[in-house]
Amino acid sequence: MRNAFINTILDACAGRDDIFIISGDAGLGVFDTFKDRHPDRFLNLGAAEQNMIGFAAGLAITGYKVVLYNIIPFVLYRCYEQVRNDICYQDLPVILAGIGSGVTYAPQGMTHYSIEDLSLARTMPNLEVFSPIDPVEARLAAKYALSAQAPVYVRLAKRGEPDIHRQQNLDITKPQVLAEGEAVALLCHGSIGEEAMRAVQILHDAGIRPRVLSVPMVQPLNRPALTEALQGIGAVLTVEEHYHSCGFGAAMGEFLRESGLACSLTTLGAPSRFIHEIHDTAGMRRLFGIDAVSIAAAVRHLL
């Protein structure tokens, strides 16, 4: 997924001379060819995250389309004030490419997990946020971000996620139907989509067919499209590799309360505590109850 996003950015550089890439001592090797061809449009600013954000804002003011690449704790956490004041407050069209969504970096521990980034992003009104489920959505998020007039944050996994979508041309701002169904709707974003699709197969084998939606644009939510997609649904289940109390599930709770839809809401995600356990990504998902078996059991419970 990460490579699909970055390659789309690099392909665009062949026809544009306004794209400037900044790395925070990350992605070593990813940008080697770009650095050789465009040494005047790439900088590795090292482990100086606040400076990196301010530098990106300054370049954006002068007319560059800045792509800032780093792992998520160094894109949003360590430099929250600068993202808030320098980029979002000024509504600058900077692309924040955050690598390592959820527990991508398991088993490296809590310092490397990104399970509260959406809660921070939701406090910045001008910031558009995408959380692709697969390389198809990652490419489309990159294309959208390159043409956006607002700051865009894209949270990306990097574990070789499979294509889930068969169609390549989608409206990335709208929820996408992955499987038709009735009564229960399963909504997901990010790389947990692969677990959701495994859960769907388990349920289909048992004769159960929930409606499954990917929601790649998680801020702002496309409320008219969500309202249309949830017609006839009695129960909504959200699943995410994020704290369930303050991420997409929480945003869906706000939406449902205001929408007039007669849906119940159940949210699956990480518990609201520091994570001390050490597992690989699959083990962390089982721990949080967001693996395929747990998702399928939650759908059965709602039915």
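Modeller: Leaving aside the neighbours within four places in sequence, Asp91 touches Asn126, Gln149, Ala150 and Pro151, where contact stands for heavy atoms within 4.5 Å. This is a predicted model, in which local features need pLDDT of at least 70, side-chain atom pairs count only at pLDDT 80 or more, and totals for chains, interfaces and linings use all residues. Residues are numbered from 1 along each chain as its sequence is written, and side-chain values use heavy atoms, with hydrogens and water left out.

Asp91 itself sits in the loop that joins helix H5 (80-88) to strand E4 (95-99); helices (H or I, at least four residues) and strands (E, at least two) are DSSP runs numbered from the N terminus. Because its relative accessibility is 34%, Asp91 counts as partly exposed, that is, between buried (under 20% relative accessible area) and exposed (over 50%), with a 1.4 Å probe and protein chains only. Glu195 is 104 residues away from Asp91 along the chain, and their C-alpha atoms are separated by 35 Å.

Turning to the helix pair, helix H1 (residues 2-13) packs against helix H7 (residues 135-147) at an angle of about 40°, with the axes 8 Å apart; axes are lines fitted to C-alpha atoms over the stretch in contact, and angles run from 0 to 180 degrees between N-to-C directions. H1 is therefore oblique to H7, since angles under 35 degrees count as roughly parallel, over 145 as roughly antiparallel, 65 to 115 as roughly perpendicular and the rest as oblique. Among the residues making this contact are Phe5 and Ile9 of H1 and Arg139 and Leu146 of H7.
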